[in-house]
Amino acid sequence: MFELTYRCNFKCKHCYVPPRTRLAKELSTGEVFSIIDQLKGMGCFYLGFTGGEPFLREDIFQILWYAKKRGFQIIIYTNASLLDREKIRELRRIRPNKIDITLLGVRNDTVTRITGVVGAYVKIMEVIELLYDAGLNVGFKTSILKDNAGEVKAIRDFSNRLGIFLRVDSKLFPRWDGAHIPFRERGIKGVRSLFRLQTKPFADLASNPSSHNVKESSLFSCGVGVSQAAITPQGELKMCVMINYPLFSVVNGSLRHSWAKLVRLVRVKARRKRVNCHTCNLEGYCLWCPAYGWIEKKDFSFCDQETKRHAACLKQLCESDAVKDTCSL
Ligand SMILES: C[S@@+](CC[C@H](N)C(=O)[O-])C[C@H]1O[C@@H](n2cnc3c(N)ncnc32)[C@H](O)[C@@H]1O
Ligand code: SF4
Ligand code: SF4
């Protein structure tokens with residue numbers, strides 16, 4: 001994952017990027033190219049461009065072409081609002097593997113409330129239509145929030161009508177600086193209606209809770225830092241988008257060396273066992289990940305309150321369809 005900028009034209013209430021981060025100086029075009037070359041040299045195949053909002057970079061098309069010509073499979077994570085007919089024509093020539101659009105609502109007032117931008121909804125819908133007509137491969141992603149909790153079904157129906165795959169996240173991360181501001185935005189009603197729609201992974205979870213067991217033997221089960229990693233807009237290699245540690249500058253051509261250090265570190269940390277899970281009755285419902293522990297306590301094995309609340313709510317939902325409004329999430 002290459003975070004090209006932390007700047008953004010939206011102010012989403014739940015965003016994990018702290019506003020102050022957005023002011024940091026960014027890599028030049030040449031430095032981005034040099035990192036792409038290093039990734040290529042190491043056999044990296046998939047390259048996701050994210051942010052902030054990647055289309056805020058003036059050189060975004062130069063960067064996309066550069067990656068394309070070096071044979072990368074490209075995914076762009078975007079709020080879609082900065083695209084227009086001309087840019088979409090250029091994207092048609094580049095043909096990224098996927099343009100992953102964050103779709104937080106299918107109503108004007110909902111999108112305005114969440115993004116803080118009047119007109120965002122109309123613009124996003126216009127762009128989705130243009131992308132659809134251009135035949136580009138688009139995906140949707142949404143987070144369940146207080147403001148869109150009643151709209152999960154409508155978002156899903158909209159995606160289905162277009163035949164576009166929708167990924168729904170019911171769990172929120174804190175902000176990187178540890179602030180719990182995103183948690184204030186969580187919407188239990190949405191988790192419940194998502195559950196009722198039997199959208200994966202809840203359908204699996206209800207029938208087989210143990211399939212989601214937290215592995216006690218390894219802290220990292222997602223390939224973080226080993227088969228996947230992230231690069232910041234300042235040219236630092238890190239474990240993943242959510243874990244801003246360690247930060248190895250790779251601007252000077254040291255990606256191979258830094259990656260080797262990262263792999264060693266992840267392997268050492270992975271040996272640490274989780275201590276409480278074997279006695280926890282939430283284990284089968286738990287979507288724990290080390291990023292939470294890191295952000296909250298600078299401890300990869302720490303189990304945070306948000307993970308517990310989320311797991312307790314899923315357990316409740318799985319055990320009873322008539323969920324009480326007292327659910328603690
Ligand atoms: C940070 S954005 C960057 C790319 C682009 N600006 C966008 O919105 O798609 C990547 C994704 O993270 C999601 N996201 C932001 N803050 C989050 C949080 N606190 N927890 C979980 N997902 C979050 C956004 O909704 C978006 O889908
Ligand atoms: S569009 Fe993406 S980066 Fe921008 S504020 Fe929203 S979630 Fe954050
Ligand atoms: S809620 Fe915490 S203690 Fe329980 S299974 Fe999940 S990570 Fe382990």
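A residue counts as near a molecule or strand here if its C-beta atom, placed from the backbone, lies within 6 Å of it. With that cut-off, the residues around ligand 2 are Cys 8, Phe 10, Lys 11, Cys 12, Cys 15, Val 17, Gly 51, Gly 52, Glu 53, Asn 79 and Thr 102. By class, that makes five nonpolar, four polar and two charged residues around ligand 2; Ala, Val, Leu, Ile, Met, Phe, Trp, Tyr, Cys and Pro go down as nonpolar, Asp, Glu, Lys and Arg as charged, and the others, Gly among them, as polar.

A word on what you're looking at: this is a predicted model, where local features need pLDDT of at least 70 and side-chain atom pairs count only at pLDDT 80 or more, while totals for chains, interfaces and linings use all residues. Residues are numbered from 1 along each chain as its sequence is written, and chains are lettered from A and ligands numbered from 1 in the order in which they are written.

On to the other ligands. Ligand 1 has 18 residues around it, and Tyr 16, Thr 102, Leu 172, Phe 173 and Pro 182 are the closest. Strands S3 (73-78) and S5 (138-143) are the elements giving two or more residues to that shell; helices (H or I, at least four residues) and strands (E, at least two) are DSSP runs, numbered from the N terminus. The shell of ligand 1 splits into eight nonpolar, seven polar and three charged residues. Around ligand 3 there are 13 residues, with Cys 277, Cys 280, Cys 286, Trp 288 and Cys 303 coming nearest. Its shell has eight nonpolar, two polar and three charged residues.

Now zoom out. The protein chain has 11 helices and nine strands, and 37% of its 329 residues are buried. Buried means 20 or more other C-beta atoms within 10 Å of a residue's own, exposed means 12 or fewer, and partly exposed is in between, with C-beta atoms placed from the backbone. Of the contacts with a separation of 6 or more, 70% link residues 24 or more positions apart, a contact being two C-beta atoms, placed from the backbone, within 7 Å.

Ala 120, Tyr 121, Ile 124, Val 127, Ile 128 and Leu 131 are its buried residues. Seen down the axis of H5, they fall within an arc of 130 degrees, so they line one face of the helix; the arc is that of the directions from the helix axis to the C-beta atoms. They pack against helix H3 (85-94), strand S4 (98-102), helix H4 (108-115) and S5. Turned away from that buried side are the exposed Glu 129 and Asp 133.

Leu 130 also sits in H5. Is Leu 130 buried or partly exposed? It counts as partly exposed because it has 18 C-beta neighbours inside 10 Å. Neighbours within four places in sequence aside, Leu 130 is in contact with Arg 85 and Ile 88.

Helix H9 (residues 255-270) buries Leu 255, Ser 258, Trp 259 and Val 266. These cover an arc of only 100 degrees around the axis, which puts them on the same side of H9. They pack against helix H1 (29-41), strand S8 (236-238) and strand S9 (248-249).
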